[in-house]
Amino acid sequence: MHNWIELPGCQYITGTTCDFSSVKLSVFEKIQLRIRAEKGNRTSPWHEVGSFIPFRKAQIGPPKVHLKAEDKAIIVNISPPGTKDSLMWAMDILSFTYSVVIWKNSSSVDERTETVYPGGKIYKLSPETTYCLKVKARLRLHRKVGSYSPVYCVNTTVENKLPSPENIEVDVKDQSYVLKWDYTYENMTFQAQWLRAYFKKILGNHSDKWQQIPGCENVRATQCVFPQKVFSKGAYFLRVQASDGNKTSFWSEEKRLDTEMQTVILPPVISMKSVDNSLHIYIGAPRETENKSTSQHYPLIYEIIFWENTSNAERKILQKKTDFIVPNLQPLTVYCVKARAVIEDEKWNKSSVFSDILCEKTKPGNTSITWIIAGVCTALFSIPVAIYVVKGLLRCINYVFFPSCKPPPNIDQCFSEQSLKNLLLSASEEQTERCFIIENSYSLVTVEETSQVDEDHKQYSSQTSRDSGNYSNEDENSGSKTSRELLQQGLV
Amino acid sequence: MTTGCILQIALLLCFSITALSRSFNLLQFQQRSTNLECQRLMMKLSGTPESCLNNRTNFEVPKEIEQPRQFQKEDAVLVIHDMLLQIFEIFGKNLSHTGWNETIIENLRSELSDQIDRLKAILDENTEEENPTWENSTTMLWHLRNYYTRIVQYLNAKSYSSCAWTVVWTEIYRNFSFISTLTDYLQN
């Protein structure tokens, strides 16, 4: 539920318009209005006007103009649109731009449109002529264009005996500004004044704000020099006036001085080192000649120009880093380098002068160092490979010339008979041969005793299998025993 | 190499490239320079007794200024320009009760005016092209202006007394720290 408030100045209105300017509301807040008609006790329903921000709807009215004529110029004192306490443009006074349309009263063909500051002047006019002009205000940012003021006309005065100085220039030399101008007559004295630039943008007659430039009061030459520290960082306007003792001229055209534009960027200090067939360049801060109170460290990029000492072909590099390498140069050649600092901005084309030229000879190409490193690496890599190869060779040789006589471990599976096993797989080093005579006829005659003999055999075999340590002795004993028994039994 | 490993390496590369490609442009440099100079000059203005700070009012700084999220460069220029403009206007009001050095005030306004000109040049360029995000940008502007209207109304209500100016001085000094944060968004 909205909190509707009665709008002062719009109560019991008989017409169809009302003015609520007296209301102290914020022009940037959204407001909503509603209206209804009343007759006696009867009221119509409310009609709501859609919400809006007053500032957005507002239109710029005509500015107020006050003119003052000189011989070849007119001073145009513009007051911003609205009253002094008007809320609408209170926050945008500095943002207004004013365009003036001026023409000679005699012929409206000769029209000129100019953009002026509130306390600005229109120059290059003819003396003793009636000029008429109209002014409109504009708020570019908010896309608002105001309506023109009424036409004002003024007569320029008779030409002054003393013309104003012309072609004012400001140069920088060492730590001073040099203000120069042109003047047609000789033997005159001049004085120069300065004004902070922002005073021109705010309303009112600021003629009392102009101040004398020290060192430029009553100079006889058409130039004067004053130290840079007179002006702290900022923008200013300068003007010059001529005088012959009795009379003075009108003030010259105002020259804008922006101290930031005049800053001198010192050249950098370069140092070089040659590394193989490339150059390692270091860019250092400029030599500080004097202690500056406001030492500006602008964002800089560096323009480096280098060339072979013998030829004139120059190569240009733009670098932001202060430490970089120029590769792929000819070995044993002398290269020369110079550099300057440039402010990194598209619009501002400011750079320092070039630094001193530095020359250096590049080293001979691919020196032993690289080879040594390469050699060491290969050696380190090849040693394990060589060891591996030699080991393999030794194994091969051993296999061929000095074979090991160990039979394979699972060969005893191939032999079931113990005698053969004992024969072949003798664990002792002794190579003793056992010879026995086994008669074939024995098996036919003593058939019934074979079981016994077999048992003995079995016994023996079980014995021998148990006592494998004294294998050969027992074998000898048992073997010979068996054969004697067999012989004895056979003979019986 | 697993995809996780590749992803980490890719992220690291992206971060380092972004970090390295931050170009420090002239506008940002000039703005920082102005911020420092204005704060320095403000410190030179003589203060009044602490008792005045009992009258502190919450002027309700717009949230978008106090805690800015991602700002486009054009919006940052617009907001900083307006803030400097309003601070310039405030220091042009009745200062007779403060006893502040006139030269310092003039230097302060001169510094503000120069930076306002530089920002205005960029804004004029931008308004040449029709900007579809203009509506959103101006909403922020109205909030900002309402905030400054409250400050001016406070000064009016207190008849530009010395105490009122002390409170406003504190608020304006705080504004410069907001502007410093917004200056970071002046990257290209």
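Predicted model: local features only at pLDDT ≥ 70, side-chain atom pairs only at ≥ 80, totals over all residues.
**Two chains and the contact between them**

Reader: In which helix of chain B does Thr149(B) lie?

Author: Residues are numbered from 1 along each chain as its sequence is written, and chains are lettered from A and ligands numbered from 1 in the order in which they are written. Helices (H or I, at least four residues) and strands (E, at least two) are DSSP runs, numbered from the N terminus. On that basis, Thr149(B) belongs to helix 6 (residues 134–157).

Reader: Is Thr149(B) buried or exposed, and which residues is Thr149(B) in contact with, leaving aside neighbours within four places in sequence?

Author: Thr149(B) counts as buried because its relative accessible area is 16%, and buried means under 20%, exposed over 50% and partly exposed in between (1.4 Å probe, protein chains only). Contact means heavy atoms within 4.5 Å. Once neighbours within four places in sequence are left aside, Thr149(B) is in contact with Ser26(A), Phe28(A) and Met91(A).

Reader: How many residues does the contact take from each chain, and how much area do chain A and chain B bury between them?

Author: Chain A gives 38 residues to the contact and chain B gives 41 residues. Buried area is the accessible area (1.4 Å probe) that two parts lose on being put together, summed over both. Of what the two chains bury between them, 49% is on carbon and sulfur atoms, and the total is about 3600 Å².

Reader: Which three residues supply 20% of the area that chain A buries against chain B?

Author: Of the area that chain A buries against chain B, 20% comes from three residues, more than from any other three. One of them, Arg143(A), is in the loop between strand 10 (130–139) and strand 11 (144–145) of chain A, and has a positive phi of about 55 degrees although it is not a glycine. Arg143(A) counts as partly exposed because its relative accessibility is 33%. The three residues are Met91(A), Leu141(A) and Arg143(A).

Reader: How many salt bridges does the rule find across the interface of chain A and chain B?

Author: A salt bridge is a side-chain nitrogen of Lys or Arg within 4 Å of a carboxyl oxygen of Asp or Glu. The side chains of Lys209(A) and Glu106(B) meet in such a pair, with 3.8 Å from N to O. Across the interface of chain A and chain B, the rule gives a count of seven.

Reader: How many helices and strands are there in chain B, and how many in chain A?

Author: Buried residues make up 51% of the 188 residues in chain B and 32% of the 492 residues in chain A. Chain B has seven helices and zero strands, and its elements run α-α-α-α-α-α-α from the N terminus on. For chain A, the count is six helices and 26 strands.

Reader: Is Ala197(A) buried or exposed, and how far apart in space are Ala197(A) and Leu238(A), C-alpha to C-alpha?

Author: Ala197(A), in the loop between strand 15 (189–196) and strand 16 (211–219) of chain A, counts as buried because its relative accessible area is 6%. Not counting residues up to four places away in sequence, Ala197(A) touches Ala235(A), Tyr236(A), Phe237(A) and Arg256(A). Ala197(A) and Leu238(A) are 41 residues apart in sequence, and their C-alpha to C-alpha distance is 9.4 Å.

Reader: Is Asp174(A) buried or exposed?

Author: Asp174(A) is placed in the loop between strand 13 (166–173) and strand 14 (176–182) of chain A, where its phi is near 55 degrees, a positive value in a residue other than glycine. Because its relative accessibility is 68%, Asp174(A) counts as exposed.

Reader: Which residues of chain A does UniProt list for "transmembrane region"?

Author: The annotation comes from an unreviewed UniProt entry; UniProt positions are given here in the numbering used for this model, feature names are shortened, and annotations may be inferred rather than shown by experiment. In the model, the span is 100% helix and 0% strand, and its end C-alpha atoms lie 31 Å apart. Val390(A) lies in helix 2 (residues 368–401) of chain A, and counts as partly exposed because its relative accessible area is 44%. The UniProt entry lists residues 369–390.

Technical notes: Heavy atoms only, no water.
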